[in-house]
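Q: Could you show me, step by step, how to read a protein model of this kind?

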Amino acid sequence: MPEPSAMTIEVASATPADVPAILSVLEASAAGNWVFRRRAADVGRAVDDFAVARDPDGRVIGCAALHWSTPSLAELLSVAVLPEMRRQQVGTRLLDHQHGRAREGGARQIWLMTRVPEYFASHGYRPAPRNVVPVRILAAKLASVFAQPPKRWIPALAGGETTMVRSVDS
Ligand SMILES: CC(C)(COP(=O)(O)OP(=O)(O)OC[C@H]1O[C@@H](n2cnc3c(N)ncnc32)[C@H](O)[C@@H]1OP(=O)(O)O)[C@@H](O)C(=O)NCCC(=O)NCCS
């Protein structure tokens, strides 16, 4: 089957019907410890945060969430593309979509925590100290770390994740 080019990939806001597909995409990356596992109810509640990328058949092949931490600061999280669909600009399209949402929503900065800082550096993110994020937001993040399998706790807590920030205007 020919691989769809980036031009034939559609990126749009997710709907509740996309929740099972989002969970599948996240699961494919969570197995390698690249993204946090999320429960169906959690993704269902946060579905408005998500954008999905679809192939020409309408299959969800990637997702990314943008969540407001404060009125001027948004978090980018749950960025994942199905392994067989990577390196075809799907991630880039998802990031562009969410950066646009952040701009339209009035965010001044976007932050994230990642194990692939090189990827996000190529999209304008720079490493930043964790205190760029309000303490109450970090505390909530900590709770999400402990919702992961124990093998994920150490890398998340001991510096295996890089905190990065991007100006929305950059
Ligand atoms: C990171 C990820 C979302 C990128 O999606 P993608 O659609 O493959 O990325 P794009 O096609 O937009 O960009 C490709 C370019 O980004 C860079 N890149 C891609 N994956 C990378 C990685 N893991 N590390 C460093 N750079 C990477 C490369 O320069 C690549 O260009 P090349 O193919 O010419 O070498 C995807 O690899 C993925 O789902 N990884 C597992 C989950 C994950 O790590 N998510 C981020 C955690 S917050």
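Predicted model: local features only at pLDDT ≥ 70, side-chain atom pairs only at ≥ 80, totals over all residues.

A: Residues are numbered from 1 along each chain as its sequence is written.

Q: Which residues come nearest to the ligand?

A: A residue is near a molecule if its C-beta atom, placed from the backbone, lies within 6 Å of it. Here the ligand has 19 residues around it, and those that come nearest are Trp34, Arg86, Arg87, Gly91 and Thr92.

Q: Which residues of the largest nonpolar core touch the most other members?

A: In soluble globular proteins, nonpolar side chains tend to be buried together. A nonpolar core is a set of buried Ala, Val, Leu, Ile, Met, Phe, Trp, Tyr and Cys residues joined through C-beta atoms within 7 Å, and buried means that 20 or more other C-beta atoms lie within 10 Å of a residue's own (12 or fewer is exposed, in between is partly exposed). In this model the largest such core has 39 residues, and Ile22, Ala51, Val52, Cys63, Ala64, Leu94 and Leu112 touch the most other members.

Q: Is helix α5 buried or in the open?

A: Helices are DSSP runs of H or I with at least four residues, numbered from the N terminus. Of the 12 residues of α5, the number buried is zero, so this helix lies largely in the open.

Q: What is Arg37 in contact with?

A: Two residues are in contact if their C-beta atoms, placed from the backbone, lie within 7 Å. Arg37, which is partly exposed with 17 other C-beta atoms within 10 Å, is in contact with Leu26, Ala30 and Gln148, leaving aside neighbours within four places in sequence.

Conventions: Helix = DSSP H or I, 4+ residues; strand = E, 2+ residues; numbered from the N terminus.
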